[in-house]
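This briefing walks through one protein structure, topic by topic. Please keep the model open beside the text and look up each residue as it comes.

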Amino acid sequence: MGLGLAGCATIPAETEGDASVSAPMTGEDAVVADLVSRMSLERKIAQLIQPQINSFTPDDMERYRFGSYLNGGNGGPYGDEYAAASEWLRYADEMYDASVLPLSNGEPVIPTMWGTDAVHGHTNVVGATIFPHNIALGATGRPDLVRQIGAATAAEIEVTGIDWNFSPTVAVAQDDRWGRTYESYSEDADIVAEMGAALVEGLQGRPGDADFLGTGRVIATAKHFFGDGGTDNGVDQGEVTGDIDELLALHGRPYPAAIAAGVETVMASFNSINGRKMHGNRDLLTDVLRGEMGFDGLVVGDWNGHGQVAGCEVTDCPQSLLAGLDIYMVPDDWLGLMETLIAQVGDGTIPMAVVDDAVTRVLRVKYRAGLLDENAPRPSARGVAGRFDMLGSPEHRAIARDAVASSQVILKNDGVLPLAAGANVLVAGSAADNIGQAAGGWTLTWQGGVELDRDLFPNAESIWEGLNSAVSANGGSAILSEDGSFTARPDVAVVVFGEEPYAEFAGDQRDLAFRDDEGLELLRSFAAQDIPTVAVFLSGRPMWMNREMNVADAFVASWLPGSEGGGIADVLTGARDATGRLSFSWPATCEGEPLNGPEGALFAVGYGRSLSDTSATPVLNEDCGPLEAGPANDWFSAGRLADSVTASSMDAPLPNLIGRVATLAARGVDRNAQEDSRELAFTTGGTLKLEGESDANAYRIEYLLEGRPTAAVTLTSGDSTFDITQGLSIGAGKGWREMVLTTSCLPDLGNTLELDTVNPLTIRIASISRVDVAEGTECSF
């Protein structure tokens, strides 16, 4: 961070020469202890509160003196998420200046620090280098390269005056249906541990080295402790079940490596472990992480994660601090939580010693980062701050291009690769010239997007642009035709297609079937014209690609490569050999059951072809139950209840699912069109019953729930009853979700469906349908 460490200080022992008195504290211990001893309760609690820039101002910083703050995935300085880098730096100065103004009561001033999610480069900022996501980096097998990426990312972060990166994610993803699979380096915990430690060293420098947390370095975060990659059915923020020692052996394995690499912060996970939310789990946050693993940095919460702890609300959760959380990430409700925590220390709910311990850990990290040095400069005067030419610099882009090329995994090649010199190449697919799609989530906005304007990527090269340049340099010609049409017959067609961007729970899937047929139809069209094809598949996870692999002459897993499309061209044209190898098992079937190992895999971890490997690929089975399921039998859709379906509550009819009875008020609300959905407001003991006809073996319900249930909610079908309280709690606050109910949770599932609530509950419903799903499909929310 370009600051150097604070000077040493000594607090003298009270009785010199008394053997019963501890030795004098020196260095960081003395500085931190002195500061804590002179801070008021209000200032201590402020160190434990982390708001987001969308919801507070520099004036609030001056008034409350928060220990840290963050920008969310959709937040930018002065309300502009696409602000110029200079505005990010100016805002960092304003917040810092507000945090160090003298206090009237003579208390010590403690500089604040700014945290950001720079998970594949400093990608909240226009012009920054966009590196491949972690799943691609795992495929490179190169921790040295990951270390370079960390250093380049840290430098670009410091350019804008930010102190702290919420990265790396060291999840060991076990179910590829999880929407954060691409944030995991591998299903293999050893690969994750090695890569995660390398990124930590790249971001912070190596402990003991002269540049540790010095110029061009930032604070790193290992996340999310722990088990985020092991939730049942791959549901984000969901439940992890199993023997705790076995879970720690797998999902906890990357943390000792990150701690040995010097990681200064760890982020608590949203998920539960055997029914207990991590944000309130003292056994794991304190006894295991700090006790057994020896972590001495700070533990930061995730976005309002403390509010999911049993008995907690966003503004009221002493359980998290008592469990070992040091900083509450409370983006919007910071004042309410701050006031509650102060009151809870006052009434004895939270011992002052617990507060002091947490504040000590926060200040210890600030000390190591140089923020407590009495001569510490404001953000714009540190290290490489203001060197805007470093954002997307040629040197950093070269590292990114190396990472892209190193991560390409060839799964099939009948000899069409490398592309022949002098070839006439047609590049097809809507993703070919779309950097937003190649970059994936966490790019300029939280969810990323294919609609992001090309002007937002000034330091980038699309896949089409990279191929055009490489093919031309190789004596050939290239044309871009998204729909595959042409006038001059090409020698070969490169079809670029894949998943559209998503982040976190928005990417959760119920199976691994890829339902966008654009790429498949293009490949089939070219095959019908006897034009050789290369499939370039962009995705955040391995997916069932049997149909596409059968029809393509070559198939390349390109993951989410980011801003350097030329790295893909390097491999396709043979300028570099293909060295990428799978760090995740590739599925042979589409249903999506957890796949970790060779059994059931089409290609195992470690698989990948060199360009010279043109051995035949057998014809693959194209059967996929989820894709072959019959059309849905809609019970409620487009604002209408089907004629054959009745709705009632306590035997009182609800025509077209609208009306008011004793324990339920149902009204029409807008989702995509006027009153195309229903809001169901249940009072105490509320109930709703639907009856219809269908031979399908599952229910699918589109729903939206703002707040978690406060008591049991059950569903009954036939003679089966299932408690959905936990499932709804996972889905609450995440926008529109899909609930799938099968015989896995309702064995006697039939043509009646009844919902019962103990406490009041308000939920919105957009559709209810009966569908056929593959045998064994789990219930999901």
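How much space lies in the second largest pocket? About 640 Å³ of space lies there, where a pocket is an open set of points on a 1 Å grid over the protein atoms alone, with protein on both sides within 12 Å along at least five of seven lines, and where a volume is the space filled by probe spheres set on the points, which are joined across faces, edges and corners. The model is a predicted one, in which local features need pLDDT of at least 70 and side-chain atom pairs count only at pLDDT 80 or more, while totals for chains, interfaces and linings use all residues. Residues are numbered from 1 along each chain as its sequence is written, and side-chain values use heavy atoms, with hydrogens and water left out.

**Pockets**

- The second largest pocket is lined by 27 residues, and A506, D508, Q509, R510 and E738 lie nearest its centre; a lining residue has an atom within 4 Å of a point.
- Strand β33 (residues 737-741) gives the most to this lining, with three residues; strands (E, at least two residues) and helices (H or I, at least four) are DSSP runs numbered from the N terminus.
- The lining of the second largest pocket divides into eight nonpolar, five polar and 14 charged residues, where Ala, Val, Leu, Ile, Met, Phe, Trp, Tyr, Cys and Pro count as nonpolar, Asp, Glu, Lys and Arg as charged, and the others, Gly among them, as polar.
- The largest pocket has a volume of about 770 Å³, and of its 37 lining residues the closest to the centre are F270, W303, N304, Q308 and G733.
- In the lining of the largest pocket there are twelve nonpolar, 16 polar and nine charged residues.

**Cavities**

- A search of the whole structure finds ten cavities of 30 Å³ or more, a cavity being a set of grid points where a 1.4 Å probe fits but cannot get out.
- The largest cavity holds about 160 Å³ of space, and of the 14 residues that line it, L688, I701, L715, L755 and I765 are the closest to its centre.
- At least two residues of this lining come from each of β28 (677-682), β29 (687-691), β34 (752-757) and β35 (761-771), and by class the lining of the largest cavity has 13 nonpolar, no polar and one charged residues.

**Strand β35 and its partners**

- Strand β35 is mostly covered, since nine of its eleven residues are buried; buried means under 20% relative accessible area, exposed means over 50%, and partly exposed lies in between (1.4 Å probe, protein chains only).
- β28 pairs with β35 in the antiparallel sense over five bridges, and A681 stands opposite T762 in β35; two strands pair if DSSP finds at least two bridges between them.
- Strand β30 (residues 698-704) also pairs with β35 in the antiparallel sense, over seven bridges, and the bridge partner of Y703 in β35 is I765.
- Strand β22 (residues 633-637) pairs with β35 over three bridges, again antiparallel, with F636 opposite I768.

**An open sheet**

- Three strands form an open sheet in the order β4-β5-β6, with parallel pairing.
- β4 (68-70) and β6 (164-165) stand at the edges with a single partner strand each, so one side of each is left without a neighbour in the sheet.

**Nonpolar cores and F226**

- The largest nonpolar core has 116 residues, of which I45, I49, F225, F226 and L363 touch the most other members; such a core is a set of buried Ala, Val, Leu, Ile, Met, Phe, Trp, Tyr and Cys residues joined through side-chain atoms within 4.5 Å.
- A second, separate core of 40 residues includes I135, A428, A503 and M543.
- F226 lies in the loop between β7 (221-225) and β8 (239-240), and the peptide bond from F225 to F226 is cis, with omega near -20°.

**Two residues with positive phi**

- E504, in the loop between β17 (492-498) and α17 (518-528), has phi near 55°, a positive value in a residue other than glycine, and it counts as buried at 9% relative accessibility.
- M650, in the loop between β24 (646-649) and β25 (652-653), has phi near 50°, also positive, and M650 is exposed, with a relative accessible area of 54%.
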